[in-house]
Every structure is written in C-alpha cells, then in structure tokens.
Amino acid sequence: MPVEITWWGHATCTIEDSGVRLLTDPLFARRLAHLRRRRGAPPPAAARRADLVLVSHLHADHLHVPSLAGLAPGTRLLVPRGAPRAVPALRRLRQLRITEVGVGDEIPVGPLVVRVVPARHDGRRLPVGPHRSPALGYVVEGAARTYFAGDTGLFDEMAAAVGPVDVALLPVGGWGPHLGEGHLDAGRAARALALLEPRSAVPVHYGTYWPIGMDGVRPHEFHAPGDEFVRLAAEYAPGVSVHRLGHGEGVRLEVAR
C-alpha cells in the first residue's frame, strides 16, 4: 500500500498511510508577526482535515494556535510534554483532544503507530519562555515508516535515535537570512540522509515565509535550499530518491519492505 505526502508549505505536510490522515505543524496564515507568506497560496480548507495532528515544538511557526483553532472539533493533537503550561492559549482549544508526549512514547492511531523521537532544537516558546518543552520528531509507522523531523540540528546519534525509516521529511532552510543553531540547511540535511538511509526524502521548511521588508536580503536563502538539497543529496546519499515538491503538490510512494 502506498503512502502519500503533500507539502503545503513551511513544515506543514499531510501524510496519508493505511487510510489514516496525519497533519504536521499546521500553519495556514498569510502573515505571522514579521513574516509573510511569499510563495504558495495558503492551504485550502481540505488541508485542515486530519485524524491526528503532530506538533514538533512550541515556536509560533510550528505551534500556531489560530491554525490549530481551525481544525475540526474532535481532532486529536500530539504536543510536546509541557506545551499547555507554556502556551496557555492551547488550553482554550477545548474542541481538540490534546495529548502531551515525550521521547520514547508510542501512540496507536488506527492501524498506525506514531513513535516520538528526539530533535536537537530549542523547543521553548519564544522570544522568552520560562517553561521549557522538548523539541520532538515523529516516525509514523504503517505501510511505510515516515519520519517528520520538525526542526532539528544534525547529531551523530540521529540514525539510532530515529530508527529505520522509508521516507524522511527534512527541513532544509528557514524563514530568514540566517539559520541559528539546531537547524538543518541543505548540506546538513543531505548528510542526515546519509545517516538515516531512507528510500525517499521530501525537503520542507523553506521557500514559504520571509521577513517583511527583507526580500532583497540574501534571497538565495529563500529560493535555493530545495534545489541545493537535491544536488547535495545526490552526492551524499545517491541511493535516496528526493522529491522536491511545489506548494500544494503531493507524491505517492510505493514502499516495499
């Protein structure tokens, strides 16, 4: 049975596996604080439909409360442990079924199991956040094993921590001219492929949002990461099929174990 991946922009993806529909880090806004969506229309209403939503960490471009508020009542939501305490607005989303999770947890959803894995990233709510909460990744295990990295840096134990995967959704850029610590750029993401050895990869977290008034500042950091990842992945992990999607585009992957 195939798995289908649709990229809506930034870190927002739909994963469809074994009849179950999952949504990652939903962000549907045209503007977020000083950021505006420069490429790709906001996802259509159908993109909000999900059986389970995965939130990787508490930064506002990953845990976006207005986008979560638009999900259908009864939608189940996995968030890092401590998120409702750090982001009180989450507690007002009483129409959602919120579950706090940490590394090592395994969450059954129909025929799937979602494994919670570590990420190397400052996961607290910014600009200040007295309550720390871990940044997480998720592996969706069904017909395929699909790794959603959220935001993470490259670390030596990544393959052991994540485990075997068939598909990797990896961040390859950001929303500004400089990437801070705990992020993957195109080169580090390509090296992550060499560690993880998936069959397929989809680059995400680039080419969507950019600071207002900074269109002319290091524009290659906005436009280039996807193509650069494709080029470097061919060098570091030539056995991996890379699918560079446009906003709203999807890919259907046949996975044979």
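This is a predicted model: local features need pLDDT of at least 70, side-chain atom pairs count only at pLDDT 80 or more; totals for chains, interfaces and linings use all residues.
Strands β5 and β15 pair in the antiparallel sense over three bridges. Across the whole structure, a search finds twelve salt bridges. The largest nonpolar core has 55 residues, and α4 gives the most to this core, with six residues.

**The three-stranded sheet**

- The strands β4, β5 and β15 form an open sheet in the order β4-β5-β15, with antiparallel pairing.
- Strands β4 (31-32) and β15 stand at the edges with a single partner strand each, so one side of each is left without a neighbour in the sheet.

**Salt bridges around Arg36**

- Side chains of opposite charge can pair when their charged atoms come close.
- Arg36 and Asp215 form a salt bridge in which the closest N and O atoms are 2.7 Å apart.
- This pair links distant parts of the chain: Arg36 belongs to strand β5 (residues 35-37), whereas Asp215 lies in the loop between β15 (209-211) and α5 (220-223), 179 residues apart.
- Arg36 counts as partly exposed, at 30% relative accessibility, and Asp215 also counts as partly exposed, at 29%.
- A network of salt bridges links Arg36, Arg38 and Asp215.

**Other salt bridges**

- Arg199 and Asp166 meet through their side chains in a salt bridge, with an N to O distance of 3.5 Å.
- Arg199 lies in the loop between α4 (186-196) and β14 (200-204), and Asp166 in the loop between α3 (158-162) and β13 (167-171), so this pair ties together parts that are 33 residues apart in sequence.
- Arg199 is partly exposed, with a relative accessible area of 42%, whereas Asp166 is buried, with a relative accessible area of 2%.
- A salt bridge also joins the side chains of Arg188 and Asp185, at 3.5 Å from N to O.
- Arg188 is partly exposed, with a relative accessible area of 25%, and Asp185 counts as partly exposed at 26% relative accessibility.

**Helix α4 and its surroundings**

- At the start of α4, Asp185 places a side-chain oxygen within 3.2 Å of the backbone nitrogen of Gly187.
- The buried residues of α4 are Ala186, Gly187, Ala189, Ala190, Ala192, Leu193 and Leu196.
- An α-helix has 3.6 residues a turn, so residues three or four places apart point the same way.
- The elements covering the buried residues of α4 include β12 (145-148), α3, β13, β14, α6 (225-236) and β16 (241-242).
- Just after α4, Glu197 takes a positive phi of about 55 degrees.

**Nonpolar cores**

- In the largest nonpolar core, the residues with the most contacts inside it are Leu22, Val114, Tyr138, Tyr147, Leu170 and Leu193.
- Another core lies apart from this one; it has 21 residues, among them Trp8, Leu63, Val65 and Leu77.
- Leaving aside neighbours within four places in sequence, Leu22 is in contact with Cys13, Thr14, Ile15, Ala50, Leu52, Leu54, Leu112, Val114 and Val140.

Technical notes:
Residues are numbered from 1 along each chain as its sequence is written. Side-chain values use heavy atoms; hydrogens and water are left out. A salt bridge is a side-chain nitrogen of Lys or Arg within 4 Å of a carboxyl oxygen of Asp or Glu. Helices (H or I, at least four residues) and strands (E, at least two) are DSSP runs, numbered from the N terminus. Buried means under 20% relative accessible area, exposed over 50%, partly exposed in between (1.4 Å probe, protein chains only). A nonpolar core is a set of buried Ala, Val, Leu, Ile, Met, Phe, Trp, Tyr and Cys residues joined through side-chain atoms within 4.5 Å. Contact means heavy atoms within 4.5 Å. A polar contact is a pair of N or O atoms within 3.5 Å; within protein, one must be able to donate a hydrogen and the other to accept it, and residues adjacent in sequence count only if both atoms are side-chain atoms. Two strands pair if DSSP finds at least two bridges between them.
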